[in-house]
Amino acid sequence: MAKNLLIVESPAKAKTINKYLGKDFHVLASYGHVRDLRPKEGAVDPEHGFAMAYEVIERNEKHVDAIAKAAKQADDIYLATDLDREGEAISWHISEILKERGLLEGKRMHRVVFSEITPKAIKAAVANPRQLSHDLVDAQQARRALDYLVGFNLSPVLWRKVQRGLSAGRVQSPALRMIVEREEEIEAFNAREYWTIEAQLKHADGDFTARLSKLNGKKFEQFDLTNEAETLAARDALKQAARGRLTVSDVSSKERKRRPAAPFTTSTLQQEAARKLGFTTSRTMKIAQGLYEGVALGAEGNVGLITYMRTDSTMLGDDALAELRQLITRDFGAKALPDAPQVYKTKSKNAQEAHEAIRPTSAMYTPRDVAAFLNDDQRKLYELIWKRTVACQMIHATLNTVSVEFALRDVPGGEASFRASGTTVIDPGFLAVYEEGRDQKNVDDDDEGRRLPRMETGEQVPLHDIVADQHFTEPPPRYSEASLVKALEEHGIGRPSTYASIIQVLQNREYVYLDSRRFKPSDVGRAVSNFLTSHFTRYVDYDFTAKLEDELDAVSRGEEAWVPLMERFWLPFKQQVDEKTESVDRNEATGARELGTDPKSGKPVSVRLGRYGPFAQIGTKEDEDKPTFASLRPGQSMHTISLADALELFKLPRKLGQAENGEEVSVAIGRFGPFVKQGETYASLKPEDDPYTIELPRALQIVQERLEMLANRLILDFGNGVQVLNGRYGAYITDGEKNARIPKEQEPKELTEAQCIGLLAAAPVRKGRFGKKTATKKTATKKAAAAKTPAVKKAATKKAPAKKAAAKKSATKKAATKKSAAKKAIAKKPAVKKPIEKSLEA
């Protein structure tokens, strides 16, 4: 057994590093975090210095046990988790677990960090270890405690005031506010009309256009022409003054230089991968993680291709700079190399947590050299990183912008002029390798790369036409992944390692969704954001959130203690939670709106947020008759729906007519979407079917397809809940709680009841929301199998006397299972599975 144990976070990294360190080292992976707060109230105790109750994460117990076993045999333990505060915290948790198990006595503990997985970096890190940084650990603990306290205290308020099952996050909530405020800006936006005028010119060396730049003796502004009549009058006056040609009044040329963009940080990598590759932030980070941990390069084995991918720094190390300059000279010539390395200023205040920008571990691994060993996503992302890194150390691009002015002096109302511009590249410099993307085009983009004919002052250019175009101002665009990450960074919300998870959490909670690759808030998301903005303003305030991040950074640098920070946050926060729990009205919290009056009944029409989403309501709870409800259609929002559109919703359920057997056919919308009903048979509508327009023949066809599917689904039914069914992926056995695969060689129709019970007993327990119920059923299935199989029963009998207590417990569980099953039987009809129509009342 090796005397040195080195612990990293991932098995891929362990495999790569093991190759570099040799037989003296045993390298194991923790598989990420090893401990977390107990998922129960009280895991953080503000009354006792914010003491935190941790437990080993269940899925990683076997990995922790493997580390503990190896630690017993080792003399030296090297904690080599990631170099940010998350990695520092994982190292601390591992050391605490080993200490609790009494495995550190007589051992030497080392903390090693590296920003790239190369032989040189790994060996240097092991040769120069340090102690655990308790400042970094404290910062991570404070962050985790804050997130826990916000979640466990604010979420119940949302349950009571907005909707059950909602949650609020310390950092996600300000991000959600950004998206919601942008949506409200778009809704409040009033488009303004404006017109532009352009001259179409014909030149012997090529046709081109010139924009109107001066009118009535002054600079032409965006809103100088705002209606058609005025614009056409101006255009006709310009045409008349031009008399078929425009005269060049001025030619100017300006040379400018453009510097390359800085090497990638986490934020800029996520933005650029979203713009150029269409990758989500989480996809980008997952691919980057794989490139960092190591890719098999043929005979070379696993090689880490990029440096650590969570960083705020734009710095490049001396070795990397020397290699980049060597590669640029080799591939692009000495003229492409600046006199000295390019230095980029890091914007982040806390960039010392990560030592370098994201770059290739060796620029000599060109995209072409490694392409054969990478999958398509890896190849694209590696090429992006490689090109950006190489370009950042190349000379600037030299551009030449030519502007040509065409003055018109005989125009009623004063002098006018047109201007044409074009930009050409004199020396591409870094542009030969890479150009940074942009979220939105600007005015100069149209001139970029446009070449104008050579012209001189006084030259007359034939005029083909003068055209006027109508435009309307556009609302601000919704956030894309790239622009949202940029906005989060600019506001100081979150940190590089959290941007992807912030976005993922908002989508998982269905607070936002992507529409044409832009974020749009759901009605639930808007209700949560508006509630928090109105009643917990401070805690979704951008400046407050950014200041708190800065204070956490100060803790990580040892400039501030974490407990006083927690106390400053907790006391006013808890006080506000207690106050708002009592004082806030639920209708106000959910954003309920009254739209007007129903012309038929004279009752008020409102929209509200219910348990299953937004709905319209006619009447109130105080009325003698119960209110009527209707779900909003996909794409409708309770914040923008009109009275007329809301009244349309009450046309459901629609009676379509009768089937041949006399059963009534109707269509409605239930909890699980639109459905058609014929007698006691329910069938969901297809995505292309609209419940408001569907006709009887199509409805009957959908019902018939449903009946045929159900008829073909049942293969065997043993009458005790055990069935053999046809499923999406073939035949399977089920008892309603567990599913079992059928052996390939077994004909489903020939299965016996005993065989089915045996296969169900051996099937794995289904995990998920109903894991506990499944586990209870598992016991029942085992008992059923025991009743059918004497051998099993005998084995169970032998064990019974030794475990009377266990038998008693099992009997209690059995009784509970029967009770649960009885309840289930009452609630569950054996008829055809159908969409459930639930009252939408809040």
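**Exercise 1. Which elements cover the buried residues of helix H1?**

Before we start, keep in mind that this is a predicted model.

*Step 1.* Find helix H1, residues 11–21, and pick out its buried residues: Lys13, Ala14, Thr16, Ile17, Tyr20 and Leu21.

*Step 2.* Look at what lies over them. The cover includes strand S1 (4–8), strand S2 (25–29), helix H4 (119–127), helix H9 (281–293) and strand S14 (302–303).

*Step 3.* Now see what comes after the helix. Gly22 follows H1, and its phi is positive, near 80°.

**Exercise 2. Describe how helices H5 and H16 pack, and say which residues make the contact.**

*Step 1.* Two numbers describe a pair of packed helices: the angle between their axes and the distance between the axes.

*Step 2.* For H5 (residues 134–161) and H16 (residues 542–556), the angle is about 150° and the axes are 7 Å apart.

*Step 3.* Angles over 145 degrees count as roughly antiparallel, so H5 and H16 are roughly antiparallel to each other.

*Step 4.* H5 brings Asp135, Leu136, Asp138, Ala139, Ala142, Arg143 and Leu146 to the contact, while H16 brings Leu548, Glu549, Leu552, Val555 and Ser556.

*Step 5.* Sort these contact residues by type: 7 are nonpolar, 1 is polar and 4 are charged.

**Exercise 3. Find the largest nonpolar core and explore one of its residues.**

*Step 1.* This core has 107 residues, and Leu98, Phe531, Leu532 and Met566 have the most contacts inside it.

*Step 2.* Which helix gives the largest share of this core? That is H5, with 11 residues.

*Step 3.* Zoom in on Phe531. Beyond residues up to four places away in sequence, Phe531 touches Val157, Leu158, Lys161, Val162, Phe536, Val584 and Ala589.

*Step 4.* Another core, of 63 residues, lies apart from the largest one; Val8, Leu21, Phe25 and Ala391 are among its members.

**Exercise 4. Work out where Ala53 is and what surrounds Ala53.**

*Step 1.* Ala53 is in the loop between strand S5 (51–52) and strand S6 (54–56).

*Step 2.* With a relative accessible area of 19%, Ala53 is buried.

*Step 3.* Ala53 touches Asp36, Leu37, Arg38 and Ala43, not counting residues up to four places away in sequence.

*Step 4.* Take Ala43: it is 10 residues from Ala53 in sequence, and their C-alpha atoms are 4.9 Å apart.

**Exercise 5. Locate Pro653 and describe the peptide bond from Leu652 to Pro653.**

*Step 1.* Pro653 lies in the loop between helix H19 (643–648) and strand S24 (654–658).

*Step 2.* The bond from Leu652 to Pro653 has omega near 0° and is cis.

Conventions. Residues are numbered from 1 along each chain as its sequence is written. This is a predicted model: local features need pLDDT of at least 70, side-chain atom pairs count only at pLDDT 80 or more; totals for chains, interfaces and linings use all residues. Side-chain values use heavy atoms; hydrogens and water are left out. Axes are lines fitted to C-alpha atoms, for helices over the stretch in contact, and angles run from 0 to 180 degrees between N-to-C directions. Helices (H or I, at least four residues) and strands (E, at least two) are DSSP runs, numbered from the N terminus. Angles under 35 degrees count as roughly parallel, over 145 as roughly antiparallel, 65 to 115 as roughly perpendicular and the rest as oblique. Contact means heavy atoms within 4.5 Å. Ala, Val, Leu, Ile, Met, Phe, Trp, Tyr, Cys and Pro count as nonpolar, Asp, Glu, Lys and Arg as charged, and the others, Gly among them, as polar. Buried means under 20% relative accessible area, exposed over 50%, partly exposed in between (1.4 Å probe, protein chains only). A nonpolar core is a set of buried Ala, Val, Leu, Ile, Met, Phe, Trp, Tyr and Cys residues joined through side-chain atoms within 4.5 Å.
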